[in-house]
Amino acid sequence: REESKVELQAKFPYEWTKQTLSYLGIRIPINLSKLLEVNYNEIVNAIKNKTQIWKQQVFSWPDRLHLIRSFLLPKFLFLFRALPVFVPKQEIQKWQKLLTSFFWNFKKHRISQSTLFRSVKKGGIKFPCLENYYAAARLANLVTILNSDNPPHWVNMLHYYTFPMRPQDFFWQTPRDKSIPITSNCLLYSLIKIWDNKRKLLLPKISRFSSFLDQPFFLPACQNAAFFSWKRKNIYRLYDITNGTSFLPKLELEKKLQFKIPWFLYLQLKHLCKAITLDLILKTPMTPFEKLLLPADQLQKHKISKIYSLLLESDCAQLTSYQKYWHNILGVEWSENTWGAIWKSPAFSSPIPTISAQTFKIFAKWYYTPCSFSYFNPKFKPKCWKECNQIGDYLHCWLFCPKLNAFWHKVLNKIQKITGVALSKTPEHLIFLQHLETVPLTTRDTLVMLLFAAKSAVASKWKEVTSPTLAMWHKKLWEGFLMTKTTHCVQMNPTPKSLATFRATWFPILFYLQKKSEVPLSAKTMGFF
């Protein structure tokens, strides 16, 4: 045996290995049961080492998020897509903890994961959820199976494990036959695990794309051999025997099948459609996942991203903890449309990472207050840090502390002179920028920058006895201008329209700062406008 191995190595000048074989970025071990361990452990260890190196460097909160999205997440996505093995939920949670620990700079978490996972339009920051990404990668394969009239070769290979049913019919089975041997194929096993867990979130109990062949709710198709010829014509879904709004007449169905149908068989199908209220199912709008199963979308791109968004939306049905907090504090329950308008506001969806990050931090109660410390430790007094002898709750520390009255009074007066908009010292105006629908968009952008600088000045003196000054506000405005100009020129690929918007936003501010000696405005800077 050893001689034959030497002969093979001499005959074929390949790189011979004893433990694993690397193919297209995947390491295949001799013992296939170690596929998960060999491939994922290597990536996880590399990520741990990388995050420990990054820990020594100074990265802002948005910077760490961009590193996770652009550098760490693609490593997992590649294996989710290329390696069809089932990954236990406990393992995914360990990897998720690794990413979130780096995001929080290995300190205590301040915001719940469910809030971070949400998209920006839903009040989050779109932090990657590995569990949903893994499920989306597997379900993208399932979409190919369910939407394949001419399935690829790998789908036909699954027929060996699902026989006598085809894979297209097998996944629609409800309830699933547990006696079918499925553990011998890792792809099929992982697909079934994910599909049984996520199906209720994506589809109704009976979908218009459900297969009626080999299903317990239509036993005649399991017993009558006449239905076997329907599979060869790819007529096996409820959608295939309808015209989009109702069950097909007998002549039209025969024309589609290209052979005659016995009347008794046709009546059995008609009775099925009546029993499951097919007309009502067809009148119900398609779910987003059903649209992926349309024949026209068979070669559709970005399936993983679309399925991931659908899974996230199903997790965002409830209010976040910070939404409930603001409803309680303000005494008003805002509708979903109101919150949607807030999340789409220039402050929350700003292309400048620092501005959008600060807005999210304020919304999500990132900043600790004396009341927070008192809640964690009852021995800590909930009095304001600025020694005003009042309870230091969240709104008090931002707006209503007597030591901040002079600062906010001067800032609001200056804002009115610069923009012509009179703002009141309320959370609706200064934090959420509400009730400004009549204000022009460019003026609203200017207000965002002015309030961003003011809140940055307050945050810089958060735990100090002293209060921010107008000179600090001027400095923050200048820093905001430099940051916005750099981002605008480097990242946004400026167009004439965006350049005009940038000038309209910042010209009133710079015209005001030109009169102040605290800010070094050069002739070149003003010449830019």
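**Close-up 1. The largest pocket of the predicted model holds about 680 Å³ of space.** Its lining is made up of 28 residues, and those closest to the pocket centre are S60, W61, T354, K361 and Y367. Two or more lining residues come from each of α3 (61–82), α19 (353–363), α24 (441–460) and α25 (470–490). By class, the lining of the largest pocket comprises twelve nonpolar, eight polar and eight charged residues.

**Close-up 2. The second largest pocket has a volume of about 540 Å³.** Of its 19 lining residues, A82, P84, N185, C186 and L187 lie closest to the centre. The elements supplying at least two residues each to this lining are β2 (26–29), α3, α6, α7 (153–162) and α9 (186–202). The lining of the second largest pocket contains 14 nonpolar residues, with three polar and two charged ones.

**Close-up 3. Helix α6 (residues 130–146) crosses helix α16 (residues 303–315) at roughly 125°, and their axes come within 8 Å.** Angles of 65 to 115 degrees count as roughly perpendicular and those over 145 as roughly antiparallel; α6 and α16 are therefore oblique to each other. The crossing of α6 past α16 is right-handed.

**Close-up 4. Residues in the contact between α6 and α16.** On the α6 side, the contact involves N132, Y133, A135, A136, A137, L139, A140, V143 and T144. These meet K303, I304, I307, Y308, L311, L312 and D315 of α16. The residues of this contact divide into twelve nonpolar, two polar and two charged.

How values were computed. Residues are numbered from 1 along each chain as its sequence is written. This is a predicted model: local features need pLDDT of at least 70, side-chain atom pairs count only at pLDDT 80 or more; totals for chains, interfaces and linings use all residues. Side-chain values use heavy atoms; hydrogens and water are left out. Axes are lines fitted to C-alpha atoms, for helices over the stretch in contact, and angles run from 0 to 180 degrees between N-to-C directions. Helices (H or I, at least four residues) and strands (E, at least two) are DSSP runs, numbered from the N terminus. Angles under 35 degrees count as roughly parallel, over 145 as roughly antiparallel, 65 to 115 as roughly perpendicular and the rest as oblique. A crossing is left-handed if the near helix is turned anticlockwise from the far one by less than a right angle, and right-handed if clockwise. Contact means heavy atoms within 4.5 Å. Ala, Val, Leu, Ile, Met, Phe, Trp, Tyr, Cys and Pro count as nonpolar, Asp, Glu, Lys and Arg as charged, and the others, Gly among them, as polar. On a 1 Å grid over the protein atoms alone, a cavity is a set of points where a 1.4 Å probe fits but cannot get out, and a pocket is an open set with protein on both sides within 12 Å along at least five of seven lines; lining residues have an atom within 4 Å of a point. Grid points are joined across faces, edges and corners, and a volume is the space filled by probe spheres set on the points.
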